[in-house]
Amino acid sequence: MLNRPAVRSRWTMLFLLTCFTIIGFVERVNLTIAGRSIREEFHLSDTQLGLSFSMFFIAYTMGQVPAGLLIDRFGSRRVLAGAGLLWFFVTLSLALAAGEFATTGAQVLASLIIGRFFLGLVEAPTYPGTSAAIRRWFPPDRRGLPNAITQSSAYVGEALTLAILGAITAYWGWRHALYASAVPALLIAFAMWRWAADAPVKRSKYDEELLQDAGDRPSMDGNVAGYSKRQLVYLSLSYGFQGYVSYLFIFWFYIYLVDERGFTLAAGGLVGALPSIAAAVCTLVGGQLCDRFVSKDNPLSGQIKIITFSGLVGAMAFLIGTFADNIWFAVAAFIVAVGTRGLVEGSYWSMVSRIGAERTGLFGGVMNMAANFGGIVSTMMAPLLVKLLGWEGAMATAALACVLTSLFIRGLRGKTRGAFA
């Protein structure tokens with residue numbers, strides 16, 4: 001039957017979740033590539049383009065908590081499959097509307113704002129859903145790497161979008177790039193519905209062993225009421241500034257390379273993909289470190305150290321890249337800076353699944369809501385900062401945000417009683 005989950009291995013499930021997050025990032029970042037060409041063709045300003053970027057985050061942020069509640073209620077499989085199908089229709093509609101039905105600058109801007117708003121809503125379940133699924137399929141001391149893999153896939157999706165859609169835009173135009181980016185969404189929606197499962201299903205001896213090892217034991221995720229709310233506040237504040245940095249880079253770095261550093265459209269896409277590739281690799285490394293540093297007495301301490309160290313190194317690297325005169329030295333510094341942002345992703349999502357326990361969908365939604373509020377601020381403020389302070393001032397704010405991720409994460413230093421009881 002079509003609606004019967006067919007997945008039998010946790011690694012198969014992780015593969016599906018990884019593909020889902022890769023394609024999700026293709027859908028959300030495609031306008032970064034197309035946006036510059038749309039801006040030139042329809043005489044839009046950077047402020048107007050930034051508004052369309054920000055509308056995605058406004059809706060994405062608004063949708064986080066409702067998406068988390070839906071995931072906790074109906075399970076990851078159904079919600080993610082439905083989300084993927086909606087990605088396809090929204091992206092296709094945006095490609096058809098911008099430049100086809102909408103022909104003036106005002107009409108195109110309106111279509112971008114509306115399309116990106118709806119895309120933000122249907123993208124909201126992505127990370128709460130993947131985090132909740134990983135919690136069901138993996139034990140607590142082995143969730144860092146799976147979470148890191150799904151998070152690194154975001155950088156892979158960004159790199160693919162910059163490289164492939166950048167080339168398509170350069171040679172065939174931005175409309176073809178948007179059409180091309182819609183197809184994978186339909187494929188992953190079918191794959192999630194056909195083969196994914198919310199948790200291991202007991203159908204054989206193998207499944208029984210997997211179910212016993214899947215981490216669905218309350219004592220392994222000991223969660224003490226009173227600690228979780230305080231921890232969620234600090235975790236969300238720290239991840240909020242992580243979102244500021246990540247989305248400033250995602251939505252404006254390509255334009256920075258082309259406008260400020262003089263790269264061509266195609267070269268800007270290829271060079272812009274390099275930090276994303278580094279971040280993907282660092283995310284995998286960070287996930288392994290996250291699992292290795294788990295402590296039975298204080299299971300959050302290792303993740304706190306990873307995030308603190310990465311924030312300070314990232315801040316220095318962003319400053320070096322911003323003010324370096326040599327373009328390739330600057331690119332190398334940005335590779336290091338963005339790499340540190342990848343290094344912490346597994347830690348953040350492992351921590352939220354630990355303190356959230358059965359409410360991982362909701363807690364993940366709250367944490368991701370904070371990150372995307374940071375994304376709203378950075379994407380909306382970037383054109384204004386560039387106008388007032390230049391690109392150096394705008395990019396330097398990323399260094400300050402990195403420092404703040406380190407400061408706020410220190411609020412979780414209290415021991416989490418009950419874990420591994």
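Q: What share of the 421 residues in the protein chain is buried?
A: Buried residues account for 59% of the 421, where buried means under 20% relative accessible area with a 1.4 Å probe, protein chains only. The model is predicted, with local features needing pLDDT of at least 70 and side-chain atom pairs pLDDT 80 or more, while totals for chains, interfaces and linings use all residues. Residues are numbered from 1 along each chain as its sequence is written, and side-chain values use heavy atoms, without hydrogens and water.

Q: How many helices and strands does the protein chain have?
A: There are 14 helices and 0 strands, a helix being a DSSP run (H or I) of at least four residues and a strand a run (E) of at least two.

Q: Why are H2 and H5 called roughly parallel?
A: Helix H2 (residues 46–74) and helix H5 (residues 126–137) pack at about 30°, with axes 8 Å apart. The axes are lines fitted to C-alpha atoms over the stretch in contact, and angles run from 0 to 180 degrees between N-to-C directions. Angles under 35 degrees count as roughly parallel; H2 and H5 are therefore roughly parallel to each other.

Q: Which residues make the contact between H2 and H5?
A: Tyr-60, Gln-64, Gly-68 and Ile-71 of H2 meet Tyr-127, Pro-128, Gly-129 and Ala-132 of H5, contact meaning heavy atoms within 4.5 Å.

Q: What makes up this contact by class?
A: The contact of H2 with H5 has 5 nonpolar, 3 polar and no charged residues; Tyr, Ile, Pro and Ala are among those counted as nonpolar, and Gly counts as polar.

Terms used. Angles under 35 degrees count as roughly parallel, over 145 as roughly antiparallel, 65 to 115 as roughly perpendicular and the rest as oblique. Buried means under 20% relative accessible area, exposed over 50%, partly exposed in between (1.4 Å probe, protein chains only).
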